[in-house]
Amino acid sequence: MPQQALLLDSSLMNCIICNCCIILHPSREHKKRRRLQGRRRRGPGAAAKMPQVMVVARNFMDMVAALPAAKLDMLYDSAFICEAVLRSFPPLAKKYVIQMLYVSAPMLAAAMQEWVLDEYASKHKVAIDRLLQLRVFVEVRDRRKEVSYKMNNKFQANMQKYLVSGGCLPREPLPFSVTGRLPTLVELENYALDQWECFLLQLINSSQVEKGTTFSSSMMKTFQRGLLSSRDGEAAKLSENGFQFLLMETNAQLWYIMREYISSAEERGVDPTDLISFLLELSFHTQGAAYSLSTLTEVQRVAIMDLMELGLVKLQQGRKDSWFIPTKLATNLSSSLSDSAASKEGIVVVETNFRLYAYSASKLHCEILRLFSRVEYQLPNLIVGAITKESLYGAFDNGITAEQIISFLQQNAHPRVIDKIPIVPENVTDQIRLWENDRNRVEMVLSHVYEDFPSKDMFEQCCDHARDNGYLLWEDAKKMRLIVNAEFHQEMREFLRRQR
Amino acid sequence: MAGGDGDRARAPKRYKSSAPSKAALVDETAEMNYADDFDDDARDGDNEVKKRDFTKLELKPDHVNRPLWACADGRIFLETFSPLYKQAYDFLIAIAEPVCRPESMHEYNLTPHSLYAAVSVGLETTTIISVLSKLSKTKLPHEIIDFIHGSTANYGKVKLVLKKNQYFVESPFPEVLKTLLNDDVILKARKAPEDCLGASSSFAVSKTAGEIASGHDLLDGMELAAATEDKETHSFEIDSNQVENVKQRCLPNALNFPMLEEYDFRNDTVNPDLDMELKPQARPRPYQEKSLSKMFGNGRARSGIIVLPCGAGKSLVGVSAACRIKKSCLCLATNAVSVDQWAFQFKLWSTIRDEHISRFTSDNKEKFRGMAGVVVTTYNMVAFGGKRSEDSEKIIEEIRSREWGLLLMDEVHVVPAHMFRKVISITKSHCKLGLTATLVREDERITDLNFLIGPKLYEANWLDLVKGGFIANVQCAEVWCPMTKEFFAEYLKKENSKKKQVLYVMNPNKFRACEFLIRFHEQQRGDKIIVFADNLFALTAYAMKLRKPMIYGATSHAERTRILYQFKNSPEVNTVFLSKVGDNSIDIPEANVIIQISSHAGSRRQEAQRLGRILRAKGKHQDRMAGGKEEYNAFFYSLVSTDTQEMYYSTKRQQFLIDQGYSFKVITSSPPPDEGPNLSFHTLDEQLDLLGKVLSAGDDMIGVEHLEEDSDGKALLKARRSAGLMSAFSGAGGMVYMEYNTGKGNGAKKKDPAKRHTLFKKRYT
């Protein structure tokens, strides 16, 4: 009676070591197959398969578009939101809106199709899709089932009004006589970035935080959701997504946080629509001007405290009045990501000896580098580290991939090395990849051991059966033991029963 | 000053992370050789423990224009793209030890030794601090300032002078001499003045012209202060046998009054002049000029070490130095072949007359004629302690009795410290110049050189020389050869622990990769290839299978010459297999490809030395300049079997070259899988056959080659296949690079004749 036992990892390792069986050293064919797979994965279709940067809605408008129709229509009560939406459209869609602005009758879709040359049909489709998504255009079908598009009434009315009379904010900047000297734009930007960095440091649970923010821990948890992963009993660590998040530029990060902030609004008893409209409104305020807090609604007033923590606004207290000053972060909110890709100057120099020099005073940068390198020296404007096998293994353990690290090093390359080809020395990138590959050589297969066969015949039959089905992992004819993939276990049992 | 002391203590500690175990080992094996450790990377261990946070340093407003940062623990970072780079580099190389010098950012360490070197080339404490602070982006940490003050306060106050074959300790400050004499070692070494036996505290007083410092163009407007007034000098004589002890007592780790050795050769009227000039066609390159200017900075000759990569023209520096001093010169080389080469270099570059130069080896016992001359010999010839022939006894006697103007020492890194001691105590020289390519720094024995010869005067930057086209631009590659299943299974077996090395070297994939590379370079590029293997079994097996000539220790001189001649001149012979004998001594300027199939554990120096074999620049100068026609004109392949010890060693070995800015490209798919049966060992049967041979080879067959220098200095390199501990071969036992084993002359380690290989028994009985 063959005894069946669950294969423990250690026993698998044993047989790997003494027999260096296929698991550690895939046969040639196996390897070739792998290589082919690898190549395929890197092929042109790769983009679709590769895990995209999914953590962020690329654009505020994607989030707006995802709102239910009724809420969306409500948003269009505000002329500012209409304008923000218009601004976010691709050029062709913008043109259609302007074209249709004073057309009240539905326009036949087929007719619109003819507005563009055939080769631009795809652009046309993108534009129309976007317009429909945001309910700026509404689909109408006539009796002959022909599709026509009509502009959203509210949107149309608001835009018409806006065009004639211009927009005006619900509040005016406070005069100099009230506020006195306000921070300069540079000071404001520094303030905003400091706040933001401080928030990020807290977000990734860094021990480097000097001053905490006032976000409640539950709110912080909301933000951290998806960025940190915690195993039981361990301190939460940055996950793969979290690392990607850190590598994104500030605006993209801001979007991610804003989205989390808005989507969790309901838990706090706040209508997300209110928040969206307030945020969009905020983006039309003048950077650096002071606006009185008394003009805000209760919901907005709570929100502005949170925004202050993130560095979107600076709060100041006068003698009588108190006011908020929007920073660059706030006024950039409505612009889409692609526009705001004003490239930051890179900071990192990687040398052929695996040493890494980052021209930065930022603690956050230091924390990021610490994720995959060993930081050795910190100077006033320079961080010195080394990429080591150990540090990389630590990063891989946290789910950070070699490609992510390499692309971070490339994207943040210091201007001095940016013209070099390759930007990051080839031997370093190769080595990072090789170290990653090294970890993927052993693969765990859940499997079962069969031993104590009553006869050689029986053993061989079992072997053949498993081999024919392609589930035989290992056999030892001398001791009559074999290992079979766990998927095949049930079938194997049946087979043994039949043999008896 | 407390801070300074603390720091001084800290800097050497960096080395000590690995010291305790090694120190013991080094003592045991002291007679074996110059230690070449492979296991400690001081940087690694130390930095893990404490992170250095210097963010509080105050940044200067114009920091962008300044090239460097200095940390409180002595580490200095230098931007190479700064407009001030050249000046800053010259300055730093004078005051600090380079840690690594890749392309964009260099790292240096300030150590007491490096500051000692700085002071001895004439820099003063205040100059060091003011220049450093001018170059620094931040305000200098006070620890650094204290450290520099602390380390240099006593430097440059005491000099060691050789006059009329007697050694004197000189100082303008009698109180310093008194301090020194409070020390037992020095007191014992002192020779009581003959005339006034009682008064031991009085010193001989004389007047000397003060130094005239000039010729330093460190930074604009930073000319060094010139002290020109006459000074009163106090001195006492010491026993010539104790010189080295006295010098050691004076080093920073003891009394902290390091002695400068300078030779005022122009005013030396006692020793006869030697008529020699550099020939007009000998034009030293800029870096050679610079190294010479460091040596002759103040019109006198300083003792010290000049570090230039292999192939960068060290011999011209040596010959130029001799030509400037124009006194008798004793030139020491490592073996007879180099002796010939040095003699040739002297004749090539200088106008010295043939009768004024002589070689002294076991084969050539020449004597120069006239009052002064150049003698070229080996360390072994001078240090030999046994009975000599009558001729050599005479010559040695003359070497001993003469006051040499210059003691020129080649390859100072390979010679064991004890041999140095002997050589230096036997010969009396006014000035010592050591030349080397690889001063591997973590090694503690390097600090020996600091007092045996003198401070490091100059060290060239490899990458700069490559850019300037002075040495070849080498593409380094590490070729990963996966172990075949069968070999790996044997490798893992416990009973094969002694065969591990031969198993990974004989890995069929490695063989195929080697064969492929040889074929590629011979046929596609028409290159000349050297293949290095430490393991004799592998060397033989590879060479036989591929039908290539090989040279190892037991190859006779005639045979060697014949093979090398063919390699140089015949279009048929493009590949030669070399054992360790080729690491240093064999000069093969034609070769431009190296394939290394086995090596001595983690020896960084061996790696660098081997690379040096192909560094001599070839082709037209303009092609080699940055952006020239050929990007790479030399190739260095190191074949490693994956998943074996070799991988680990390989990383260690490369460290030195990586610190010099070289990068190793990893090649994983070699040989190309589509080569199939074009290469040997394609079928499993062939591979198993090979495996069988490896396994059946006796333990004595698979060892690493041991070389012996003949006690009488001839480069009689004997192969001894010895069955030793594998751990020793792989380096775990010794941490010592075993090229120069002791000859019998050194009295240590006689082999039991019974254990000696049968082939050599006859010779010894």
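Student: What conventions apply here?

Tutor: This is a predicted model, in which local features need pLDDT of at least 70 and side-chain atom pairs count only at pLDDT 80 or more, while totals for chains, interfaces and linings use all residues. Residues are numbered from 1 along each chain as its sequence is written, and chains are lettered from A and ligands numbered from 1 in the order in which they are written.

Student: How many residues of chain A are in contact with chain B?

Tutor: The size of an interface is often given as the accessible area lost when the parts come together. Here contacts are counted instead, two residues being in contact if their C-beta atoms, placed from the backbone, lie within 7 Å. On that basis 26 residues of chain A are in contact with 30 residues of chain B. The elements of chain A that give two or more residues to this side are strand 11 (355-358), strand 12 (374-379), strand 13 (382-386) and helix 22 (426-439). Helices (H or I, at least four residues) and strands (E, at least two) are DSSP runs, numbered from the N terminus.

Student: Which strands are joined by bridges between the two chains?

Tutor: Strands of a sheet pair through backbone hydrogen bonds, either parallel or antiparallel. Two strands pair if DSSP finds at least two bridges between them. Strand 12 of chain A and strand 1 (residues 52-53) of chain B run parallel and are joined by 2 bridges. The bridge partner of A:Q378 in that strand of chain B is B:D53.

Student: How is the packing of helix 23 and helix 24 of chain A described?

Tutor: Two packed helices are described by the angle between their axes and the distance between the axes. Axes are lines fitted to C-alpha atoms, for helices over the stretch in contact, and angles run from 0 to 180 degrees between N-to-C directions. Helix 23 (residues 456-468) and helix 24 (residues 489-499) of chain A pack at about 145°, with axes 11 Å apart. From helix 23, A:M458, A:Q461, A:C462, A:H465 and A:A466 meet A:M492, A:F495, A:L496 and A:Q499 of helix 24.

Student: What is the strand order of the open sheet in chain B?

Tutor: The 7 strands of this open sheet follow the order 14-15-13-17-19-12-20, with parallel pairing. Strand 14 (357-360) and strand 20 (456-459) of chain B stand at the edges with a single partner strand each, so one side of each is left without a neighbour in the sheet. Within the sheet, 4 bridges join strand 12 (residues 304-307) to strand 19 (residues 432-436) of chain B, and B:G304 stands opposite B:L433. Helix 11 (residues 286-295) of chain B lies across strand 12, strand 19 and strand 20, running at about 165° to strand 20. Helix 13 (residues 336-349) of chain B lies across strand 13 (329-333), strand 14 and strand 15 (374-378), at about 160° to strand 15.

Student: Why does B:Y491 count as buried?

Tutor: A residue is buried if 20 or more other C-beta atoms lie within 10 Å of its own, exposed if 12 or fewer, and partly exposed in between. B:Y491 counts as buried because it has 22 C-beta neighbours inside 10 Å. B:Y491 belongs to helix 19 (residues 485-492) of chain B, and its C-alpha atom is separated by 7.5 Å from that of B:Y504, 13 residues apart along the chain.

Student: How many residues of helix 5 of chain B are buried?

Tutor: In helix 5 (residues 112-120) of chain B, 9 of the 9 residues are buried, so this helix is largely enclosed by the rest of the structure. Just after helix 5, B:G122 takes a positive phi of about 100°.
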